[in-house]
Amino acid sequence: MRKVASAAQAIVDSLIEHGVDTIFGIPGVHTYKLFDALYERRREIRFIGTRHEQGAAYMAYGYAKSTGKVGVYTCVPGPGVLNTTAALCTAFAANAPVLCLTSEIPAADIGRGFGILHELPDQLATLRSLTKWSQRIDHPTQAPPILAEAFRQMTSGRPGPVALECPWDTLSVTALTEMSARASEWEPPPADPIAVERAAELIRNSRNPLIMVGGGAVEAAAEIGQLASRIQAPVTAHRSGRGIVAEDTPYGLGLAAAYKAWLDTDLLIAIGTRMELQYLRWRKIPPNLKIVRIDIDPREMVRRPCDVGLVTDATLGVRALNAALAGAEAQHRSRAEEFASLKSQARTEYESVQPQVAYLDVIRDVLPRDGFFVEEICQVGFTARFALPVYAPRTYVSCGYQDNLGFGFMTALGVKVANPTKVVISVCGDGGFMFGVQELATAVQNQIKLICIVFNNRSFGNVLRDQKTAFEGHFIGESLTNPDFVKLAQSFGATAYRATGPAELKSVLTGALNDGGPVLIEVPSEPGSEASPWPYLHPWSAGR
Ligand SMILES: Cc1ncc(C[n+]2csc(CCOP(=O)(O)OP(=O)(O)O)c2C)c(N)n1
Ligand SMILES: [Mg+2]
């Protein structure tokens, strides 16, 4: 359909065409026209204003990561865009379809260095270095096809973030515009049958296969569950792949239990994963290990070569393997008891990571199976990677390999916006929480009813431990003077509690499920009082 529209209207129209229902952000003079177009369509797109651009970008990230749908935010160019770059690199790291929608200085002035409000030397180049794809919209007629391409980029192949900029004056330009451009349907390449047969042969010859799943496998849960039981292989994950096979079923193993099987593994079946866990965390590679990889990103086969690589989508790839292995289950006796024993041995060992394990037990007890847990770069967050069992895909929300302090609370707000009927629990340290504390206002204003637990050890606890153990107690930059978190949250209008110890957390948390608005729970502790989780994440550091 053709109509006369401004570039701003054409952009907003395209967002709605592609199913966008929420946009996070902060307005400014460069984007007023875009906001006016959003105002016109306010019944179709909900706008959530944040208190800092990084909050908007992390919320879009949480929205995207927890649903697989595109998460959208908007900000002014220059400083506004730069405020979102930690979230953008997180979306890139965790393969999340996040759209950054921004503006530019007036079109004719770009690149000339006049020193115009919010000017950057080369904003598009900056954005291109942080995203899968970025583009400028120079005219209203370009908006629908460029947005269509943006959606195709974000959701095809390896998903990832995209940025679009439309200059300040261009947003107001009107033209007769064809509005109906839609992202073309994307078909993943099918698995190569010869490679499938070679992979099946390796699987038939393997005594101890291990399946590793990553974020690229979240849509293939049924197929992966079938493969695991057919070949009696345990399935493990590091972060984004957690819950694809529920960790309370025989085949779903947390990473601590999986490490117990690892050094005897003769075949790694890696599905939609960079294998960060094996190569960068565990580091020890079993001798004579064979590797089968299924990945949609052909570059992966170059980054970490394997014996057989299937460049295809996880669902198609695993389906093809299942078909090639039909009947194989008859040759395997059940290993369920063996896997249960690995899990209970691992649990007995990591039980010593206190008090974090006790707190995580309480959280797991209270959190429904389909509730979301958003981790952070803190003692409880690190421990959760092996001590909080996950039961459903996408419900364990992490920041991928960036491990960027502070992402958690803001991301959790976006998770809750996208999943309003689900319970969302965010855990933070006192350090990380303060990176996004201002978004408590956003939570209250928009009634985003998440539960955030702040573990307050009055320090950057991880830094404190490292300085104590590796730098002879040369403490610098580790100690934190904090506000009273309960009063702070109350002053924002949130409900707040303090819980001392796991038993108290249990009763406070159970009650908080029925609270009407956002809830903050502070759990105080002494600096340096937590056991280190690192021996389980980096077994080599403990000589294992
Ligand atoms: C963006 C960013 N800045 C700094 C760091 C380095 N860092 C890792 S953990 C940590 C301390 C975290 O403190 P807190 O949030 O209080 O959690 P705790 O370890 O005390 O539980 C720091 C500063 C990081 N990972 N990311
Ligand atoms: Mg701390």
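This is a predicted model: local features need pLDDT of at least 70, side-chain atom pairs count only at pLDDT 80 or more; totals for chains, interfaces and linings use all residues.
Let me begin with W540, which counts as partly exposed because its relative accessibility is 33%; on this scale buried means under 20% relative accessible area, exposed means over 50%, and partly exposed is what lies in between, with a 1.4 Å probe and protein chains only. Residues are numbered from 1 along each chain as its sequence is written, chains are lettered from A and ligands numbered from 1 in the order in which they are written, and side-chain values use heavy atoms, with hydrogens and water left out.

W540 sits in the segment after α23 (534–537), where helices are DSSP runs of H or I with at least four residues, strands are runs of E with at least two, and both are numbered from the N terminus. If we leave aside neighbours within four places in sequence, W540 is in contact with R281, W282 and R283, contact meaning heavy atoms within 4.5 Å. W540 and W282 are 258 residues apart in sequence, yet their C-alpha atoms are 6.9 Å apart in space.

Now to two threonines. T74 belongs to strand β4 (residues 71–74) and is buried, its relative accessible area being 0%. A polar atom of the T74 side chain lies 2.9 Å from the backbone oxygen of L101; a polar contact here is a pair of N or O atoms within 3.5 Å, where within protein one must be able to donate a hydrogen and the other to accept it, and residues adjacent in sequence count only if both atoms are side-chain atoms. Beyond residues up to four places away in sequence, T74 touches several others, among them I23, F24, F47 and L101.

T131, by comparison, is placed in the loop between α6 (123–128) and β6 (133–136), and at 6% relative accessibility T131 counts as buried. Its side chain reaches the backbone oxygen of L127 at 2.8 Å and that of W133 at 3.4 Å. Not counting residues up to four places away in sequence, T131 touches L88, F92, P161, V162 and A163.

Finally, ligand 1. Of the 16 residues around ligand 1, those that come nearest are Q379, D430, G431, G432 and G461, a residue being near if one of its heavy atoms lies within 4 Å. Nitrogen atoms of ligand 1 lie 2.9 Å from a backbone N or O atom of D403 and 3.0 Å from one of L405, while an oxygen atom of ligand 1 is 2.7 Å from a polar backbone atom of G461. The protein covers 74% of the 600 Å² of accessible area that ligand 1 has on its own, by the Shrake-Rupley method with a 1.4 Å probe, where for residues only the protein chains shown count as cover.
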